Amino acid sequence: MAQAGRDQIRIVGSSTVYPFTTAVAEQFGKSGGGKTPVVESTGTGGGMKLFCAGVGPTHPDLTNASRRMKIGEFEDCQKNGVKDIIEINIGIDGLTIAQSKAGPAIKLTLAQVFLALAEQVPGPDGKLIPNPYKNWSDIDKSLPNIKIEVLGPPPTSGTRDSLHELFLEVGAEQIPAMKELKKADPKAFEKAWKSIRKDGAYVEAGENDNVIVQKLEANKNAFGVFGFSFLEENLSKLKGVALDGVEPEYDNIAAGKYKGSRRMYVYAKKAHIGVIPGIDKFMAEYVSDKAMSKDGYLARKGLVALPKVEAEKVAANVKAQTPMQASDLK
């Protein structure tokens, strides 16, 4: 690898993980470990593309991800010479559906979330039809008679992947006609839960969760999809929606009771350690007790801490700079 050419760590990736990594970067800068790293919010998918494009000072050193790296991304990295990747599971977040505090009281099942957002849903005969539901009450009479309007992440976002996998796939499986479809035609079933309607009921709000918060404040009948940490930060304005009878709260997420629980990651290039100054110290700060524990500064930002034994494993792995293997992702 060429001479450093950079004396500042560069990090890209997930908008959900961005506030956590920024907090660690500021702490690292203050502690005299080196210059405060530059953190950019590019979305998980966008971050992986940049991270896996190559090694050397023109490429980022670390990337944030609100889901685990996909095997295809790992292979892209390998192909481009990004061989040794250190995976850091930094903690747990919950994918939440939130609304304005002034909004109508509502509890949803994941089946109802699927019926509200999927491009195609089962018709009266169980066959898939273009989504006909305009109002929540069209899905179920007990739901409010208001227009379905859900603001959420774009396809480049790890949060969008989580929306599909944690909510829409699980919701589809709760619907008898979709369960039958899964048995009869797994490909058609997968296509159904991976496709979101494009008729205006779902609004892509970009990679900036603050925009969603502002829109929810302006429209009390709209709903937003983002990480629990963001909901927690805005509890003076917003409230979370219970899903399948479980509220999106810290303890429910930590215990895995809440269906939207998901792990958050940071990936680092081993080849850049010792070339771009301070990466090893930055990673050590991230997995330190004062950052990652239940009483750490990341928990105060809304990150749900890993169980102690797991956190110790993650820290030991970072210390040893052990690269991940393709088999870890299969």
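Reader: Is R160 buried or exposed?
Author: R160 counts as buried, at 10% relative accessibility, because buried means under 20%. This is a predicted model, so the value is computed from predicted coordinates.

Reader: Which residue forms a salt bridge with R160?
Author: E204 does, and the closest N and O atoms are 3.4 Å apart. R160 lies in helix α6 (residues 158-173) and E204 in strand β9 (residues 202-204), so the pair ties together parts that are 44 residues apart in sequence. E204 itself is partly exposed, with a relative accessible area of 45%.

Reader: How many salt bridges in the whole structure?
Author: The search finds 19. Among them is the one between E173 and K182, at 2.5 Å from N to O. E173 is partly exposed at 26% relative accessible area, and K182 is partly exposed at 37%.

Reader: What does E310 form with R263?
Author: A salt bridge, with the closest N and O atoms 2.8 Å apart. That pair links distant parts of the chain: E310 is in helix α15 (residues 308-320) and R263 in strand β13 (residues 261-269), 47 residues apart. E310 is partly exposed at 29%, and R263 counts as partly exposed at 30%.

Reader: Which residues are linked in a network of salt bridges?
Author: R67, K70, E73 and D161.

Reader: Switching to rings. How many aromatic pairs?
Author: Five in the whole structure. One of them is F28 with F282, edge-to-face, 5.8 Å centre to centre and with 85° between the planes. The pair links distant parts of the chain, with F28 in helix α1 (residues 18-30) and F282 in helix α12 (residues 279-286), 254 residues apart.

Reader: Are those two buried or exposed?
Author: F28 counts as buried at 2% relative accessibility, and F282 counts as buried at 1%.

Reader: What does F282 form with Y286?
Author: An aromatic pair, edge-to-face, 5.9 Å centre to centre, with 85° between the planes. Both residues lie in α12, four residues apart, about one turn of the helix. Y286 is buried, with a relative accessible area of 0%. F28, F282 and Y286 form one aromatic cluster.

Reader: Which residues of α12 are buried?
Author: I279, F282, M283, E285 and Y286 are buried. They cover an arc of only 155° around the axis, which puts them on the same side of α12.

Reader: Last one. What sits over the ring of F51?
Author: The charged end of K269, 4.7 Å from the ring's centre.

Methods: Residues numbered from 1 in each chain as written. Predicted model: local features only at pLDDT ≥ 70, side-chain atom pairs only at ≥ 80, totals over all residues. Heavy atoms only, no water. Phe/Tyr/Trp six-rings, centres within 6.5 Å; stacked < 30°, edge-to-face > 60°. Helix = DSSP H or I, 4+ residues; strand = E, 2+ residues; numbered from the N terminus. Buried < 20%, exposed > 50% of the residue type's maximum accessible area, 1.4 Å probe, protein only. Lys NZ or Arg CZ within 6 Å of the ring centre and 35° of its normal. Arc of directions from axis to C-beta. Salt bridge = Lys/Arg side-chain N within 4 Å of Asp/Glu carboxyl O.
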